[in-house]
Amino acid sequence: TFNAEVPYELEGWSNSQNLKEMDQEQLKKEIIEFYKQYAKIFIDRDEEEWVNKVMKREKERILSVDYNDKKAIKVRVDEYIHSFDNEVLEVPKLDDFEIEFYGDGRITTLRSTERKGESAFHTIEQEEDEEGKYKVRFFRYLFLHKPKGSNQLEIIR
């Protein structure tokens with residue numbers, strides 16, 4: 001055991017509500033609604049709203065994982081700059097899913113029961129290389145929490 005001094009402090013989900021203590025049917029509705037809003041962001045190619053949704057997660061990631069790795073930060077930033085470069089052809093309905101909890105019930109996500117190890121949320125996008133255009137399915141895990149004092153789900157890590 002040791003104490004490290006770092007020039008930042010991460011709150012993470014330490015001050016998040018315990019989602020297992022909520023009415024589970026209500027929580028399920030809220031999670032599904034969040035995913036619908038997130039899907040709309042991709043359909044509308046709304047980069048500003050997308051940045052609003054992922055900003056806290058990305059700031060925390062850069063501080064906790066990539067703080068001293070400038071190359072990793074640049075790669076991550078480049079990935080996000082190009083997030084809407086591919087044409088989103090479709091945002092299919094959620095796979096059949098199960099709700100999973102992490103962090104002592106403070107974090108939740110939807111795991112597909114149709115595709116082992118994948119998120120229930122995915123997009124079908126068109127990419128292109130020297131051989132032409134092709135479709136790619138991207139599975140996107142959203143880890144959600146509710147900060148104390150808030151009634152809204154947010155993306156965290």
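# Close-up views of a predicted model

Along the sequence, the chain runs in the pattern α-α-α-β-β-β-β-β-β-β. That gives three helices and seven strands. The model shown here is predicted, so a word on confidence comes with the first view.

**View 1. The whole chain, with its confidence.** Across this predicted model, the mean pLDDT is 85, and 83% of the residues reach 70 or more. Confidence is highest in strand S2 (residues 97-102), at 97, and lowest in helix H3 (residues 70-81), at a mean of 65. Please keep that value for helix H3 in mind as you look around. Of the 157 residues in the chain, 34% are buried. Among contacts between residues at least 6 apart in sequence, 59% join residues at least 24 apart.

**View 2. The open sheet of S1, S4 and S5.** Here three strands form an open sheet, ordered S1-S4-S5, with antiparallel pairing. Which strands stand at the edges? They are S1 (87-90) and S5 (132-139); each has a single partner strand, so one side of each is left without a neighbour in the sheet. From one strand to the next, the twist averages 40°. As a reminder, strands of a sheet pair through backbone hydrogen bonds, either parallel or antiparallel. Zooming in on one pairing, strand S4 (residues 122-129) meets S5 in the antiparallel sense over eight bridges. A handy landmark is histidine 122, which stands opposite phenylalanine 139 in S5.

View 3. Strands S2 and S3 run antiparallel and are joined by six bridges. Aspartate 104 is found in the loop between S2 and S3. Aspartate 104 also has a positive phi, of about 55°, although it is not a glycine. Most residues other than glycine have a negative phi. Is aspartate 104 buried or exposed? With a relative accessible area of 69%, aspartate 104 is exposed, because that value is over the 50% cut-off.

**View 4. Threonine 109 and its surroundings.** Now we move to threonine 109, which lies in strand S3 (residues 107-112). Threonine 109 has a relative accessible area of 1%, so it counts as buried, the cut-off being under 20%. A polar atom of its side chain lies 2.8 Å from the backbone oxygen of leucine 142. Which residues is threonine 109 in contact with, leaving aside its neighbours within four places in sequence? They are Tyr35, Glu98, Ile99, Glu100, Tyr102, Tyr141, Leu142 and Phe143.

**View 5. The aromatic pairs.** A search of the whole structure finds six aromatic pairs. In one of them, the rings of phenylalanine 42 and phenylalanine 121 have centres 6.5 Å apart and planes at 50°, so the pair is tilted. Phenylalanine 42 belongs to helix H1 (residues 24-44) and phenylalanine 121 to the loop between S3 and S4, so this pair ties together parts that are 79 residues apart in sequence. Phenylalanine 42 is buried at 2% relative accessibility, and phenylalanine 121 is buried at 2% as well. A further pair, tyrosine 141 with phenylalanine 143, is stacked, at 5.6 Å centre to centre and 20° between the planes. Tyrosine 141 is partly exposed, with a relative accessible area of 22%, and phenylalanine 143 is partly exposed at 24%. Finally, Tyr35, Tyr38, Phe42 and Phe121 form one aromatic cluster.

**View 6. Arginine 45, between two helices.** Our last stop is arginine 45, in the loop between H1 and helix H2 (47-64). Arginine 45 has 37% relative accessibility, so it counts as partly exposed.

Definitions and conventions. Residues are numbered from 1 along each chain as its sequence is written. This is a predicted model: local features need pLDDT of at least 70, side-chain atom pairs count only at pLDDT 80 or more; totals for chains, interfaces and linings use all residues. Side-chain values use heavy atoms; hydrogens and water are left out. Helices (H or I, at least four residues) and strands (E, at least two) are DSSP runs, numbered from the N terminus. Buried means under 20% relative accessible area, exposed over 50%, partly exposed in between (1.4 Å probe, protein chains only). A polar contact is a pair of N or O atoms within 3.5 Å; within protein, one must be able to donate a hydrogen and the other to accept it, and residues adjacent in sequence count only if both atoms are side-chain atoms. Contact means heavy atoms within 4.5 Å. Two strands pair if DSSP finds at least two bridges between them. Axes are lines fitted to C-alpha atoms, for helices over the stretch in contact, and angles run from 0 to 180 degrees between N-to-C directions. pLDDT is the predictor's confidence in each residue, from 0 to 100. Rings of Phe, Tyr and Trp (its six-membered ring) pair if their centres lie within 6.5 Å; planes under 30 degrees apart count as stacked, over 60 as edge-to-face and the rest as tilted.
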